[in-house]
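Please read the numbered points with the sequence and the coordinates at hand.

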Amino acid sequence: MKKDEFSEEIEGLEDNEELLEAKALLDSHINDTIEDEMSGVDIVECLKIIKRHDEKSYFEYLHTLDIESLSNASIEMPDYILKDVIDLLPKDKLVEVVEDLESDDQFEFLENIDEIDGKKAREIFDDLSDEDKKDILKLSRYEDNQAGSYMQIELFKANANETVMEAVDRLRDLRHADEIDYVYHLFVVDDKDVLKYSIPLADLIIYNFSLTLEEVVRSAKNEDFRPRSALDTDDINEVASEFQEHDMSVMPVVDSRGVLVGRITSDDIYDFIQESATEQIYNLAGLNDEAEEEDISFAKAGKARAFWLCINLVTAFLASFIIGFFDATLQKYVALAILMPIVASMGGNVGIQALTVTVRRLALGEIEYKDAKKVLKREISIAVINGAIFAIAVALIASLWFKDHMLGVVIGLSMIINLSIAGFCGAAIPIILKKFKIDPAVGSSIILTMMTDIIGFFSFLGLATWILV
């Protein structure tokens, strides 16, 4: 048997084993014989594997999965699986899936369906209960970056005049009815639903059940149950920072009057941070975060990447145009062509370091446009120090290599110039883009590469022409 044929056979066995394992897991889950219930992520991963190797079985599993399994997996589904779900499952089953979700997930799931099939999304919405419709419409009023669009309407609240016993009994009823999950705090409100206190359940149950919630609060320290809340119009990045800074599990959300309107839980924030991090990584590379090959077609993924490659090609021609100005110098000093990539490469790396740190700090809300002077001073200082250190090292190496001390001076000076400007551009570009309400991650690396290449080549070849020629 030839080596290539043997490799293909081994790969086929591995694929078959992967398929059998995915089917076994889903079968155990469906038949309720698996020890631990599968999460929505695990269900989706199994469906991806089965679709890749056995599409007929994949469609059968979509029909077989129960409402709870589909609802758990719904938010995790990539577009191509969600499209199959929309096309294959009857509308009534899709309505049941939506109704099984919490309000924030209902809104997100319907949004995802709407992007694929707007008509089907409207039909599903029309068949929902009046209460679900009201919750979804309430969440739809918020902008994508506002805290209100990430909150759940379902929460555990009680009036300050109620007893601990009454509050606990109501929580028991809510849990038995499966109307609320992941309860961490009791939110205490007044007669107008204005948020007054936030009592952790672990603290609540240690008090005498006959006490009113007002009496519980009075018996504790003044600050013990002071709520740390978010306005429904707050930027979700600021809310995420609060969660991380104070290690929170849940945060109540209030409107401008202080009325309690919902809650944001740690899992919502975790999903937001993960999505934001993924988006930043893709954007820094000049890609759309939806351009993963497994989620969209090969052609569409290629097209999404080709746009930024075209821009990169234009910037590469600009850099080449600069080099063309100094063709006579390059012909006279061949060593310049050998050393030239070092200057551009080092400048690019310094710029990317500054760019990455600045984009991250902007995304986390640690800096704003008003902090530009301080950020630029810091990044330029770091770049100048590193530039000086590496300029000396490279200058010595170049001098010894080509036995030309002035060539070492040229590349040393060029590196100091390019690395200093790279540090400045790496910090300045995202701050300026943010000021003009442009995502600082999108295209920043393309602009930075253009700047460092052009400045690097111009400074190096310009100095060489001035000093050596």
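1. Ala 427 is buried, with a relative accessible area of 0%; buried means under 20% relative accessible area, exposed over 50%, and partly exposed in between (1.4 Å probe, protein chains only). Ala 427 lies in helix α19, residues 405-435. Helices (H or I, at least four residues) and strands (E, at least two) are DSSP runs, numbered from the N terminus. Not counting residues up to four places away in sequence, Ala 427 touches Ala 354, Thr 358, Val 375, Leu 376 and Glu 379, where contact means heavy atoms within 4.5 Å. The C-alpha atoms of Ala 427 and Gln 353 are separated by 9.2 Å, although these residues are 74 apart along the chain.

2. On the basis of the note: this is a predicted model, in which local features need pLDDT of at least 70 and side-chain atom pairs count only at pLDDT 80 or more, while totals for chains, interfaces and linings use all residues. Residues are numbered from 1 along each chain as its sequence is written, and side-chain values use heavy atoms, with hydrogens and water left out.

3. Three strands form an open sheet in the order β4-β5-β6, with mixed pairing. Its edge strands are β4 (230-231) and β6 (260-265), each of which pairs on one side only; two strands pair if DSSP finds at least two bridges between them. Strand β5 (residues 250-254) runs parallel to β4, to which 2 bridges join it, and Leu 231 stands opposite Val 254 in β5.

4. How do β5 and β6 pair, parallel or antiparallel? The sense is antiparallel, over 5 bridges, and Pro 252 stands opposite Arg 263 in β6. These two strands form a hairpin with 5 residues between them, and Gly 258 in the turn has a positive phi of about 90 degrees. Because 6 of the 6 residues of β6 are buried, this strand is largely enclosed by the rest of the structure.

5. Helix α2 (residues 40-53) has 14 residues and reaches 20 Å from its first C-alpha to its last, close to the 20 Å expected at 1.5 Å a residue; the expected span is 1.5 Å times one less than the number of residues. Among the buried residues of α2 are Ile 43, Leu 47 and Lys 51.

6. The structure contains 12 salt bridges, a salt bridge being a side-chain nitrogen of Lys or Arg within 4 Å of a carboxyl oxygen of Asp or Glu. One of them joins the side chains of Asp 84 and Lys 51 (3.2 Å, N to O). This pair links distant parts of the chain, with Asp 84 in helix α5 (residues 79-88) and Lys 51 in helix α2, 33 residues apart. Both Asp 84 and Lys 51 are buried. A network of salt bridges links Lys 51, Glu 55 and Asp 84.

7. Another salt bridge joins Arg 172 and Asp 169 (2.7 Å, N to O). Both residues lie in helix α10 (residues 164-176), 3 residues apart, about one turn of the helix. Arg 172 counts as partly exposed at 39% relative accessibility, and Asp 169 counts as partly exposed at 28%.

8. Arg 228 and Glu 242 also meet in a salt bridge (3.7 Å, N to O). Arg 228 is in the loop between α12 (213-219) and β4, whereas Glu 242 is in helix α13 (residues 236-246), 14 residues apart. Arg 228 is partly exposed, with a relative accessible area of 32%.
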